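Let us read a structure together, one feature at a time. Please bring the sequence and the model up side by side.

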Amino acid sequence: MTLLAVENDCRPKFPSLKDGYIFADNAGGSQCLKDVADRIYDYLINTNVQLGADYSVSVTATTRTMVDGPTSTMKLVNASSKDEIFFGSASTMLVENLARAIEGDVLDGEELVVSFADHETNIGPWVRLAERRGVTLVPWHARLPDSNASTKNPFAVALQLSDLDSLITSKTRLVSFTACSNILGQLMDLKAVIAHIRALAKAKGARKIEVCVDCVAYAPHRQIDVRAWDVDYVFFSYYKVYGPHTSIMYARQASLDNSLTSLAHYFLKGYQLSPGGVGYELTYGCTGVLPYFVQLGGGDITAGKEMEHLKVSFNRIAAHEQLLMEPLIAFLLSQYKAGVRIVGPESDRSSIRAPTISFIVVGEDGETKRLQSKDVVAKFDALGDIGIRYGHFYSYRLLSGLPKMDPNDGIIRISLVHYNTVQEVERIIDVLKTVLSTEALSKDT
């Protein structure tokens, strides 16, 4: 496998990268491909009409919105049909729609197992569903691994697969979790986790088990394969995957037929999770993302074999991301005596984590912050043309469970993607050295 030629194959596709600003807040939203922006412009200028009419411009607009958009996403996630793809304005809205659509198939006494390592998008709708139905919501918390001899860091938490052994019971109806935490950066082995969930549910006699996976922080970094995973529901936001501000939900056809009540107008078919029109131009704009990934895998979108090229593409992305993580993780670990604590796995391996790297700065007790996260970011911003961020990033429940953590100040997050370079990481480290120096720390203590 050849490594990504980032300067030649990736960065020229993103006009915003030309001025040298270092975008290191990508988990909050990636930069947009020029091809995506061009397609949005083309749609608005040339086909901005109502769908479903017989005149030629409307036929083109309908094809772009109702066929091309869903079909492109179908190929990206390896769904069986474009009818399993639903667009919406935000992932939060789509999960709320899912929770309302599934409500009639959640019976009295059943339970919902929900990861609290997630963005609130994948927690709040299930909390509200449990309240409406009077059923039990069972939290799946991130924690330190049972064998934690390699670190004294109380913030190096992750979801532990073995915890599901006691959380899943004969009453479990749904398990919902994140493929990659937007704070911890932990990557889940989706195929193995879902197989384990189904085996446990079957062994314990659950009436019906379905699985919902949040791929918002996963999709920019790793390949989604809904059929290989044997998953029922998956969602992600295109604006974090080099596209426009819109999101998608995959729902397996069997679930559409047997688990969900349609939220659409009663006389419409095929809109179960889309009670209202989508952004036409945004849906079409998303068709620019798949060709980019296929090209990174050495393919041509016109030649087919998308999954084959996507596999190569994301393997190359993972290899490059490891090159980005290695120096940054090594530097943060080297600052342990200065109070730096990584929040999440302390590994730099691309098989374990994504380059979404969070940390805090603590004092002598190893838990209380020595520096507020907002102050670190303020110093950082003042020293260079680099964008990072602090806060809870809507993972409020996760941070609330960490030692002496105020979620509103939260963590410092540096989130990288494949168009970032090793040289940019070196620049980030140089700035961090200044920010975390004895002189910088002493001004706040």
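**Reading the model, feature by feature**

Q: Which sense do strand S13 (residues 389-391) and S14 pair in, and over how many bridges?

A: S13 and S14 pair in the antiparallel sense over 3 bridges. Strands here are DSSP E runs of at least two residues, helices are H or I runs of at least four, and both are numbered from the N terminus. Two strands pair if DSSP finds at least two bridges between them. Arg 389 has Arg 413 of S14 as its bridge partner.

Q: What should I know about the source before going on?

A: This is a predicted model, where local features need pLDDT of at least 70, side-chain atom pairs count only at pLDDT 80 or more, and totals for chains, interfaces and linings use all residues. Residues are numbered from 1 along each chain as its sequence is written, and side-chain values use heavy atoms, with hydrogens and water left out.

Q: Which other strand pairs with S14?

A: Strand S10 (residues 356-362) pairs with S14 in the antiparallel sense, over 4 bridges. There, Ile 357 has Ile 414 as its bridge partner.

Q: How do side chains sit along a strand, and is S14 buried or exposed?

A: In a regular strand the side chains alternate between the two faces of the sheet. In S14, Ile 411, Arg 413 and Ser 415 point one way, while Ile 412 and Ile 414 point the other way. Buried means under 20% relative accessible area, exposed means over 50%, and partly exposed lies in between (1.4 Å probe, protein chains only). In S14 (residues 411-415), 5 of the 5 residues are buried, so the strand is largely enclosed by the rest of the structure.

Q: How far does helix H3 (residues 56-77) reach, and where does H3 bend?

A: The expected span of a helix is 1.5 Å times one less than its number of residues. H3 has 22 residues and reaches 31 Å from first C-alpha to last, close to the 32 Å expected. A bend is the angle between axes fitted to the seven residues ending at a residue and the seven starting there. H3 bends by about 30° at Arg 64. Arg 64 is also among the buried residues of H3. Just after H3, Asn 78 takes a positive phi of about 65°.

Q: Where is the kink in helix H12 (residues 306-334)?

A: The kink lies at Met 325, shortly before the proline Pro 327, and is about 30°. H12 has 29 residues and reaches 42 Å, close to the 42 Å expected.

Q: How many disulfides are there, and why is Cys 32 in none?

A: A disulfide is a covalent bond between the sulfur atoms of two cysteines. The cut-off here is a pair of sulfur atoms within 2.5 Å. The search of the whole structure finds 0 disulfides. The closest cysteine sulfur to that of Cys 32 is in Cys 286, 9.0 Å away, so it is too far for a bond. Cys 32 is partly exposed, at 28% relative accessibility. Cys 286 is buried, at 1%.

Q: Which residues have the most contacts inside the largest nonpolar core?

A: A nonpolar core is a set of buried Ala, Val, Leu, Ile, Met, Phe, Trp, Tyr and Cys residues joined through side-chain atoms within 4.5 Å. The largest has 80 residues, and those with the most contacts inside it are Phe 177, Val 213, Ile 224, Phe 236 and Phe 293. A second, separate core of 29 residues includes Ile 414.
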